[in-house]
Amino acid sequence: MSFVRLLEKIRRSLALRLSLWFALVFLLVVTGLFWGLYRALTHTIEERAGAELEALFSRFSEVYLRYGVEALRASVRSSAGFPGVTSLYVRLSRDGRQVLLAEVPPEWLEVQTREVPEPSRGLYVVEKVRELRIPQNARKDFLIAEGQLANGVMLEVGRSTDSRTVLFAPLRKTFWQVGGVAIVLGLAGGGLFAWSATRPIREVTRTARRILEQGQRHARVPVPPGDDELTEMARHFNTVLDKNEALLVAMRESLDNVAHDLRTPLTRLRGTAEVALQNTEDPAAAQEALADCVEESERVLRMLNTLMDVTEAESGMMKLNRQSTDLVGLLGEIAEMYSFVAEERKIEVKLELPDRCEASVDPDRMRQVLGNLVDNALKYTPEGGLVTVRAETREGWAIIRVRDTGIGVSPEEQTKIWTRLYRGDRSRSQRGLGLGLSLVKAVVEAHGGTVGVTGAPGQGSEFTVKIPVVGVSAALPGHVGSLIANG
């Protein structure tokens with residue numbers, strides 16, 4: 001791996017970004033806490049220093065008023081041991097011009113030497129002059145209290161503490177030292193935590209890359225222990241992969257079945273057309289061949305249209321013209337429609353229906369559902385068998401059951417028969433597209449209902465459709481009729 005690619009990988013690393021965010025948040029929190037503590041300490045110390053300065057002012061004003069200037073000077077000079085006082089400034093003046101007393105800290109006075117000429121003697125005399133210079137660190141901590149006393153004299157008292165130098169400077173230094181170590185430890189700890197927490201994401205990426213680049217469709221993400229969001233994500237990702245795998249297998253099987261089922265009618269269509277072309281001298285034969293071609297093309301078109309309907313319903317794109325429909329009436333129409341088939345095969349179709357059974361459905365689509373179920377029951381019921389159609393309303397559902405005494409459905413096939421173009425081994429002898437039950441399931445679920453099947457081989461089967469009810473009338477026993485084929 002080149003250095004540029006390594007840098008790019010580090011830049012794109014989610015764990016690194018999480019670590020940096022963690023360190024930044026940690027730094028902001030620590031800085032905020034320190035700043036709050038620093039401000040609290042500063043406020044407390046300044047309040048204490050102000051109180052002490054007020055005490056000094058009261059003390060000096062009392063001494064002056066009682067004993068005079070000299071007593072005040074002696075008191076100021078004896079206050080060097082006052083708690084917390086390192087430098088003391090006292091000024092006593094009258095009318096802002098006449099200075100009665102001026103005491104400043106000794107360290108504020110600097111002795112300067114200079115040469116002063118004496119013309120009378122023709123010499124230069126060296127004399128010492130004291131100049132007032134206030135240090136810069138004293139200006140930061142210097143506090144002054146002033147006030148006019150009872151006799152009209154203005155008293156100024158100032159004091160300087162070493163709180164910032166003694167306390168705050170070491171505190172700031174300690175903060176930078178401890179804060180730096182904490183940031184390094186926080187970045188390292190956050191990095192380890194983020195690297196561990198984002199492991200499922202890297203596993204998902206690695207698995208997806210294996211599937212895309214190497215074609216390993218069976219690759220799955222290792223699911224870590226626990227039940228957090230990332231574990232759930234890995235589990236759901238594997239579920240999606242399983243569903244995609246099953247979908248690919250089903251699509252492959254469906255394409256194989258479509259190719260197989262289309263090959264027969266297309267081959268027959270081509271053969272019939274060739275026969276029609278060869279029999280140019282017999283118009284009747286040519287017309288019959290063309291009729292067969294139309295029939296086969298209709299079968300192919302019906303298969304493709306059914307596939308499109310199933311796809312629309314499964315994807316939620318099927319447009320349903322919902323209206324309150326009496327399902328009893330639809331079942332009556334279906335029974336009448338298939339009465340000729342039942343009579344021809346000597347199968348009894350028994351209707352056990354209430355007076356009304358209403359549901360919010362698309363009548364045309366629901367007619368397809370019921371017709372496919374009845375047709376399927378008649379198709380796989382032997383001669384002399386019985387097909388029973390029941391309807392009822394219960395607990396907000398319209399329930400329709402179609403039971404037959406046919407070949408039945410094995411438990412292994414009860415989940416497969418809803419797959420597109422699936423046809424069981426025992427149903428191969430019957431002509432069909434293998435799409436009827438797929439269409440039934442897709443349309444029923446598009447209506448918000450469910451469909452299921454029970455039964456066993458040789459014992460018949462029962463298909464149950466449940467649709468949400470609208471405007472239900474009492475499901476009273478209505479007519480019980482039958483279509484009996486006596487041959």
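Helices (H or I, at least four residues) and strands (E, at least two) are taken here as DSSP runs, numbered from the N terminus. The model is a predicted one, in which local features need pLDDT of at least 70 and side-chain atom pairs count only at pLDDT 80 or more, while totals for chains, interfaces and linings use all residues. Residues are numbered from 1 along each chain as its sequence is written, and side-chain values use heavy atoms, with hydrogens and water left out.

Threonine 381 sits in the loop that lies between helix H11 (363-379) and strand S10 (386-394). With a relative accessible area of 1%, threonine 381 is buried, where buried means under 20% relative accessible area, exposed means over 50%, and partly exposed lies in between (1.4 Å probe, protein chains only). Leaving aside residues up to four places away in sequence, threonine 381 touches Arg345, Ile347, Leu386, Val387, Asp404, Thr405 and Gly406, a contact being heavy atoms within 4.5 Å. Isoleucine 347 is 34 residues from threonine 381 along the chain, and the C-alpha atoms of the two are separated by 7.8 Å.

**The salt bridges**

A search of the whole structure finds 17 salt bridges, each defined as a side-chain nitrogen of Lys or Arg within 4 Å of a carboxyl oxygen of Asp or Glu. Three of them are set out below.

| Pair | Closest N and O atoms |
|---|---|
| Glutamate 62 and arginine 66 | 3.4 Å |
| Glutamate 70 and arginine 73 | 2.8 Å |
| Lysine 346 and glutamate 383 | 3.8 Å |

Glutamate 62 and arginine 66 both belong to helix H2 (residues 14-67), where they are 4 residues apart, about one turn of the helix. Glutamate 62 is partly exposed at a relative accessible area of 41%, whereas arginine 66, at 59%, counts as exposed. Glutamate 70 and arginine 73 are 3 residues apart in helix H3, and so are separated by about one helical turn; glutamate 70 counts as exposed, at 55% relative accessibility. A network of salt bridges links Glu70, Arg73, Arg77 and Glu103.

Lysine 346 is partly exposed, with a relative accessible area of 40%, and glutamate 383 is exposed, with 60%.

An open sheet is formed by 4 strands in the order S2-S1-S6-S5, with antiparallel pairing; two strands pair if DSSP finds at least two bridges between them. Strand S2 (98-103) and strand S5 (142-148) stand at the edges with a single partner strand each, so one side of each is left without a neighbour in the sheet. Strand S1 (residues 87-94) is joined to S2 by 5 bridges, and arginine 94 has glutamine 98 in S2 as its bridge partner.

**The nonpolar cores**

The largest nonpolar core has 45 residues, of which Leu327, Met366, Leu373 and Leu378 touch the most other members; such a core is a set of buried Ala, Val, Leu, Ile, Met, Phe, Trp, Tyr and Cys residues joined through side-chain atoms within 4.5 Å. H11 gives the largest share of this core, 7 residues. A second, separate core of 16 residues includes Leu53, Val90, Leu101 and Val153.
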